[in-house]
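Visitor: I am new to this structure. Please take me on a close look at one part of it, the aromatic pairs and the disulfide.

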Amino acid sequence: MCTGKCSKFIGICLYPLALLSIICNIFLFFPDFQTIYSKEEAEGLYRLTDEIKYMGGVVGGGILVLIPAIHIHSTGRQGCCSNRCGMFLSIIFAAVGVAGALYSGIIAVVGLIRGPVCMLENDTWSRPFLNSTESYLGNSETWETCEEPENIVVFNIALFSALLVAACLELLLCGFQVLNGLFGCICGTCNHKEKGPTKCTSLTNIICCL
């Protein structure tokens, strides 16, 4: 597979992963799929897990991956960015994607380790698994410690795990694009169908046409 087609494949794969990261992060703001806890958090009450507010899925695995994905995808199509300059820029964009994926992944791991915020038997809200000597992830019996929101432990594990998987895949794809872009700078994009100048319709395309 030539470097241009490989870039196109990587860009297309990054789109759903970035979207998944954004959706998971947004859902985490609504434990048990209810808005009441977000409203109470806005009123100053402790209801949401701290890692949710760091927006790892929206900013890191979402925006910082989605923007590079657009350029990386464009290097695999016939046009201004389908050249050595475009491939060079894709290395920079891919590096940004790597940073975003790392940020999202780290936040997801911390969220999984520290556990959710929930209401305990004494009607107080805290993170019961934060200072636990044993990991709660492999001991489902301890999950009953959280009385509200309902199934909050499963909710957090599922969404943070999805964020972590998406971040790992984004990291691999963006990392591979760094190498692919390097080969593209040296060998070109293998695109022999392009004939004549093409119209530049975006800032990155204008740069690539210079």
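Guide: Here is a walk through the ring pairs, then the disulfide, then the record.

This is a predicted model, where local features need pLDDT of at least 70, side-chain atom pairs count only at pLDDT 80 or more, and totals for chains, interfaces and linings use all residues. Residues are numbered from 1 along each chain as its sequence is written, and side-chain values use heavy atoms, with hydrogens and water left out.

Start with the rings. Rings of Phe, Tyr and Trp (its six-membered ring) pair if their centres lie within 6.5 Å. Planes under 30 degrees apart count as stacked, over 60 as edge-to-face and the rest as tilted. The whole structure holds 4 aromatic pairs. One of them is Phe33 with Phe155. This pair is edge-to-face, at 5.2 Å centre to centre and 85° between the planes. Phe33 sits in the loop between α1 (3-28) and α2 (36-42), and Phe155 in helix α6 (residues 152-187), so the pair ties together parts 122 residues apart in sequence. Helices (H or I, at least four residues) and strands (E, at least two) are DSSP runs, numbered from the N terminus.

Now look at burial. Buried means under 20% relative accessible area, exposed over 50%, partly exposed in between (1.4 Å probe, protein chains only). Phe33 is exposed, at 59% relative accessible area. Phe155 is buried, at 8%. Another pair, Phe129 and Tyr136, is stacked, at 4.5 Å centre to centre and 15° between the planes. Both Phe129 and Tyr136 are buried. Ring pairs also link Phe27 with Phe33 and Phe155 in a cluster.

Next, the disulfide. A disulfide is a pair of cysteine sulfur atoms within 2.5 Å. The count by this rule is 1. Cys118 is joined to Cys146, with S to S at 2.0 Å. Cys118 belongs to strand β1 (residues 118-119), while Cys146 is in the loop between β2 (125-126) and α6, 28 residues apart. The torsion about their S-S bond is about -60°, so the disulfide is left-handed. Cys118 and Cys146 are both buried. Two further cysteines can be checked for burial. Cys24 is buried at 5% relative accessibility, and Cys174 is buried at 0%.

Last, the record. An unreviewed UniProt entry lists residues 12-30, 54-73, 85-113 and 152-173 as "transmembrane region". UniProt positions follow the numbering used here, feature names are shortened, and annotations may be inferred rather than shown by experiment. Residues 54-73 are 90% helix and 0% strand, with end C-alpha atoms 28 Å apart. Residues 85-113 are 100% helix and 0% strand, with end C-alpha atoms 43 Å apart.
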